[in-house]
Amino acid sequence: MEVWFTEDQTSNLKISCKVKEVLYHRISDFQKVVVIDTVEFGRMLTLDDVIQTTEKEEFVYHELITHVGLVTHPEPCRVLVIGGGDGGSIREVIKHDKVQEVVHVEIDDKVMEAAKMFLPTLSSGFNSPKVEIRVEDGIKHVKEHKNTYDMIIIDSSDPVGPAKGLFSKEFYQTVFEALKEDGLFVAQTESPFFNQDLIKNVHDSVGNIFPINHLFCGVIPTYPGGYWSFTMGSKIYDPLNVDNKNISELNTRWYSPDIHKAAFILPPFVKNYLK
Ligand code: SPD
């Protein structure tokens, strides 16, 4: 008998993947946490039946949400990762020699448990001596740590349930305050096709708080529409001014000096609704 996993990506759009095996299934205090082995994408983490990451294409998302900001900041010594319990962002952040300390704040320890057990290629960085893991609310952590971080990465799930507050104007203001005087942040900000109001709201909120504010995009085949956005807010450093010559070899599969520039090139339909 064939078993299929289906995510309702919008009320009118579904994605289905053929399942080989269910590896992990728990109801945490926050959500349903599942890892399945799929034919097309390898192992896949879902939260409340929404695809978060897959072995086959996770590198695009995790390299974009980390390296674009880490390369923009000349001295990213102290980095905070909020969410990202699968470990993919942590794995990428610790590739940077200049990063001395990564504080990883994840609200749901079951996500990390699932990743440690069944997604070893993502969670390999959890044991790095540079990484401090804290199971707590990212919103509270940011409020309580003023002027602390060079870079903050908001590797959240969709803006429902535990992640809803991570997309609010009030939260971006506390992110501004938690960053040092030359800090910057990068957040995942959903689909340019299906979440236009959200992207516009985030863009306006961040633009009112940070002097430098950019949207950039990449291709993540399992997310709605396949085309995905990230937002950077920065106090001083502009990602568009990074000199390609200063981008060192990071052993990446998606990110490169050319992708660093290309990711910020937006199609007219996105530029138009950001105006
Ligand atoms: N629609 C799903 C969006 C999920 C974005 N976050 C994924 C976390 C991967 N570390």
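Which residues of β12 lie on one side and which on the other, and are they buried or exposed?

Author: A word on the source comes first. This is a predicted model, in which local features need pLDDT of at least 70 and side-chain atom pairs count only at pLDDT 80 or more, while totals for chains, interfaces and linings use all residues. Residues are numbered from 1 along each chain as its sequence is written, and side-chain values use heavy atoms, with hydrogens and water left out.

On one side of β12 are Tyr 227, Ser 229, Thr 231 and Gly 233, and on the other are Trp 228, Phe 230, Met 232 and Ser 234; all of them are buried. Buried means under 20% relative accessible area, exposed over 50%, and partly exposed in between, with a 1.4 Å probe and protein chains only. Strands (E, at least two residues) and helices (H or I, at least four) are DSSP runs, numbered from the N terminus. In a regular strand the side chains alternate between the two faces of the sheet. Because eight of the eight residues of strand β12 (residues 227-234) are buried, the strand is largely enclosed by the rest of the structure.

Two strands pair with β12; pairing requires that DSSP finds at least two bridges between them. Strand β11 (residues 212-219) pairs with β12 in the antiparallel sense over eight bridges, and within this pairing Gly 218 has Trp 228 as its bridge partner. Strand β10 (residues 179-188) also runs antiparallel to β12, joined to it by five bridges; here Ala 187 is the bridge partner of Thr 231.

Elsewhere, five strands form an open sheet in the order β1-β2-β3-β4-β5, with antiparallel pairing. β1 (3-10) and β5 (50-54) stand at its edges, each with a single partner strand, so one side of each has no neighbour in the sheet. Seven bridges join β1 to the antiparallel strand β2 (residues 13-27), where Val 19 stands opposite Val 3.

As for the whole, the protein has nine helices and 12 strands. Buried residues make up 56% of its 275 residues.
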